[in-house]
Amino acid sequence: MAGKFLLNEFLNDCSKQIATGEDTGRAADQKKNTEYIQVSVYDLVPSKENFYSQTEIDKLKTAIELAGKVYQNLVAVPMGGGKYKVIAGHRRRLASIALVEEGKPEFEFVPCAIEETVEDAELQEIREELLLIYTNSQREKTAWDKIEEARRIRILFERMKEEKKIKGSVRALVAKELDISSGQAGRYETITKHLSDDFKQALKSDKINISSAVELAGLSSIEQQTAYEEYQATGTISIKDAKAKKQPAKPEQPEEQTPKCTDNPTTEQSDTATQDMIDTPAEPDTTDAERHNEPAMLDIPQKPTPPENQHKDAVISELLQIVHALESGADGCSYDIAGTCRKAAALLSAKE
């Protein structure tokens, strides 16, 4: 976590120096407000708000044993009754307890910086949360540590944005605070809001990575459940698998538009008129042509019709009637329909 912390105005000067290593110029005067004492590991109570992974305790235990003691101060706040709540140093506490329980009592007492508390309970809660995050800023973090860290910072900004008149989007503020890109902050947020609890647990256990988690978070809850069942059966899931399970978005169908005909009635009226024409008994071709003052479009020789072909002739007659009705005033709008009917009539006649 590089650069200045946007939220450190909520810490007192000495707390800032402990958390960030920044010399505020007044830290020496403020040190009298922070007590440095040796505390038994059995009087240190882990914070319930600590979300950072407690890994590689054995490795840290070996390092402490080789050094002969814990050199870096733990940060704690008084709880009363001689007990102190650990804000920073949870892993050092566990490693020291492990050494004592191995029969090495010289590691029971560890150095602690005891932070003073403030009367405002809400402000104290914010200060403890910030100290927890800032004092862990340089540690190696798991994927889940990073996601949870971003979530906690986001909550703090949302709580204080209105009250403190903080400008900018919360996502951009989180990105700047944690020294990550806005896109990465968005991916963390997507996982927090949309990934199923089962897959969150898998991510927390480092069984899936952030890239796969982002793709899975894009699935519906039902699709995630199906994917998790497959994951349980196979023991693996990749980003490729997650992408393959996404349902492709259906393309939007453009609305059908009927070509406008300036000399024609409306589409609804034309449809009605056409249906009426189809239902009207066919008239002789010459009469229809005369009515429209134009020659018949087809001149099919008339010949006696066998009884078995009466149905075909009726179809031909109705097709021609549609052709003449459409071409008489459609101004080109029904050209394709008329042409198709004309071809159909000609083909039926030619087969006789």
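Where is the place of Asp179? Asp179 sits in the loop between helix H7 (170–178) and helix H8 (182–194). What we have here is a predicted model, in which local features need pLDDT of at least 70 and side-chain atom pairs count only at pLDDT 80 or more, while totals for chains, interfaces and linings use all residues. Residues are numbered from 1 along each chain as its sequence is written, and side-chain values use heavy atoms, with hydrogens and water left out. Helices (H or I, at least four residues) and strands (E, at least two) are DSSP runs, numbered from the N terminus.

Most residues other than glycine have a negative phi. Asp179 has a positive phi, near 60°, and is not a glycine. Its relative accessible area is 49%, so Asp179 is partly exposed; buried means under 20%, exposed over 50%, and partly exposed in between, with a 1.4 Å probe and protein chains only. Asp206, also not a glycine, has a positive phi of about 60°. Asp206 is in the loop between H9 and helix H10 (210–217).

Next, H8. This helix has 13 residues and reaches 18 Å from its first C-alpha to its last, close to the 18 Å expected at 1.5 Å a residue. The expected span is 1.5 Å times one less than the number of residues. Which residues of H8 are buried? They are Gln184, Ala185, Gly186, Tyr188, Glu189 and Ile191. Their cover includes helix H6 (143–164), H7, H9 and H10.

Ala217 is buried, with a relative accessible area of 6%. Its C-alpha atom is separated by 5.1 Å from that of His194, 23 residues apart along the chain. Leaving aside residues up to four places away in sequence, Ala217 touches Thr190, Ile191, His194, Leu195 and Gln224. Contact here means heavy atoms within 4.5 Å.

Now two helix pairs. Packed helices are described by the angle between their axes and the distance between the axes. Axes are lines fitted to C-alpha atoms, for helices over the stretch in contact, and angles run from 0 to 180 degrees between N-to-C directions. Helix H9 (residues 197–204) and helix H11 (residues 221–234) have axes that come within 9 Å and cross at roughly 45°. That makes H9 oblique to H11. Under 35 degrees counts as roughly parallel, over 145 as roughly antiparallel, 65 to 115 as roughly perpendicular, and the rest as oblique. H9 contributes Asp198, Phe199 and Ala202 to the contact, and H11 contributes Gln224, Gln225, Ala227, Tyr228 and Tyr231.

The second pair is helix H3 (residues 57–67) with H4, whose axes come within 9 Å and cross at roughly 70°. H3 is therefore roughly perpendicular to H4. Ile57, Leu60, Lys61, Ile64 and Glu65 in H3 meet residues of H4 including Arg91, Leu94 and Leu99.

Last, the sheet. There is an open sheet of 5 strands in the order E1-E5-E3-E4-E2, with mixed pairing. Two strands pair if DSSP finds at least two bridges between them. Strand E1 (35–40) and strand E2 (44–46) are the edge strands, each pairing on one side only. E1 pairs with strand E5 (residues 109–114) in the antiparallel sense over 6 bridges. Gln38 stands opposite Pro111 in E5. Helix H4 (residues 90–101) lies across E2, strand E3 (74–80), strand E4 (83–88) and E5, at about 125° to E4. Helix H5 (residues 121–134) lies across E3 and E4, at about 55° to E4.
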